[in-house]
Amino acid sequence: MNLIILLLPILAIVLMFRAQKKRQAQMTQMQTALEPGAGVRTIGGLYAQVKAVNEETVELEIAPGVVTHFTKSAIAAVLDPAEYDAIINGRPDEDEGVGASDEDAEVEAAPADAKPLSFSKDDADKGDAKAEAEGGAPASK
């Protein structure tokens, strides 16, 4: 029984080191596979296209004509060209909800009995008087 209590933590530590080493090898392999033209996501969530790969840095184009320098370790993922294009340029219409069009969504969003908002001072004073009459507190001014 005492042997199991001793071996269980040692086994857990060995498995944790093995998993960490495997993740590190995957990250190193991904960083060496970087090539110009690839779409990437940084650890900060920035999507960009690789312009040049240096020894320890990568030049990323984050917008047309805007190139920044990142360390290779800041690259979280190299994306497939189709996935990168879908993220940057938006998903095609086929992937969006089937059936409802934009016109249907606008009609459903506005209820029939909704009154238009007014931002005039006179309307605000009327609202305060109505609130006081109903026993509520007037809006602060």
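Val40 touches Leu34, Leu46, Tyr47, Ala48, Val50, Leu60, Ile75, Ala77, Val78, Leu79 and Tyr84, leaving out residues up to four places away in sequence. Val40 lies in strand β1 and is buried, with a relative accessible area of 0%. The model is predicted. The chain has 4 helices and 5 strands, and the strands form an open sheet with antiparallel pairing.

**Overall layout**

- From the N terminus on, the elements follow the order α-β-β-β-β-β-α-α-α.
- Of the chain's 141 residues, 14% count as buried.
- Among contacts between residues at least 6 apart in sequence, 36% join residues at least 24 apart.

**The sheet**

- The 5 strands are arranged in the order β4-β3-β2-β1-β5.
- The edges are formed by β4 (66–71) and β5 (75–79), each of which pairs on one side only.
- Neighbouring strands of the sheet are turned by 45° against each other on average, direction ignored.
- Strand β1 (residues 39–42) is joined to strand β2 (residues 47–53) by 3 bridges, and the two run antiparallel. Arg41 has Tyr47 in β2 as its bridge partner.
- Strands β2 and β3 are joined by 4 bridges and run antiparallel. They form a hairpin with 3 residues between them, and Val50 stands opposite Leu60 in β3.
- Strands β3 and β4 pair in the antiparallel sense over 6 bridges. Glu61 has Val67 in β4 as its bridge partner.
- The hairpin of β3 and β4 has 2 residues between the strands, and Gly65 there takes a positive phi near 85°.

**The nonpolar core**

- The largest nonpolar core has 9 residues: Met30, Leu34, Ala38, Val40, Ala48, Val50, Val58, Leu60 and Ile75.
- The elements that give two or more residues to this core are β2 and β3 (57–63).
- In soluble globular proteins, nonpolar side chains tend to be buried together.
- Leu60, one of the core residues, touches Val40, Thr42, Ala48, Gln49, Val50, Val66, Val67, Thr68, Phe70 and Ile75, not counting residues up to four places away in sequence.
- Val40 counts as buried because its relative accessible area is 0%, under the 20% cut-off.
- The C-alpha atoms of Val40 and Asp80 are separated by 8.7 Å, while the two residues are 40 residues apart along the chain.

**Helices beside the sheet**

- Helix α2 (residues 81–89) lies across β1, β2 and β5, and runs at about 130° to β2.
- Gln31 lies in helix α1 (residues 2–32).
- Gln31 counts as buried because its relative accessibility is 15%, which is under the 20% cut-off.
- Leaving aside neighbours within four places in sequence, Gln31 is in contact with Lys72 and Ser73.

**Confidence**

- The chain averages a pLDDT of 77, and 64% of the residues score at least 70.
- Over residues 103–107 the pLDDT is below 50, and this stretch has 1 contact in the model beyond near neighbours in sequence.
- Where pLDDT is low, the predicted coordinates should not be read in detail.

How values were computed:
Residues are numbered from 1 along each chain as its sequence is written. This is a predicted model: local features need pLDDT of at least 70, side-chain atom pairs count only at pLDDT 80 or more; totals for chains, interfaces and linings use all residues. Side-chain values use heavy atoms; hydrogens and water are left out. Two strands pair if DSSP finds at least two bridges between them. Axes are lines fitted to C-alpha atoms, for helices over the stretch in contact, and angles run from 0 to 180 degrees between N-to-C directions. Contact means heavy atoms within 4.5 Å. Buried means under 20% relative accessible area, exposed over 50%, partly exposed in between (1.4 Å probe, protein chains only). A nonpolar core is a set of buried Ala, Val, Leu, Ile, Met, Phe, Trp, Tyr and Cys residues joined through side-chain atoms within 4.5 Å. pLDDT is the predictor's confidence in each residue, from 0 to 100.
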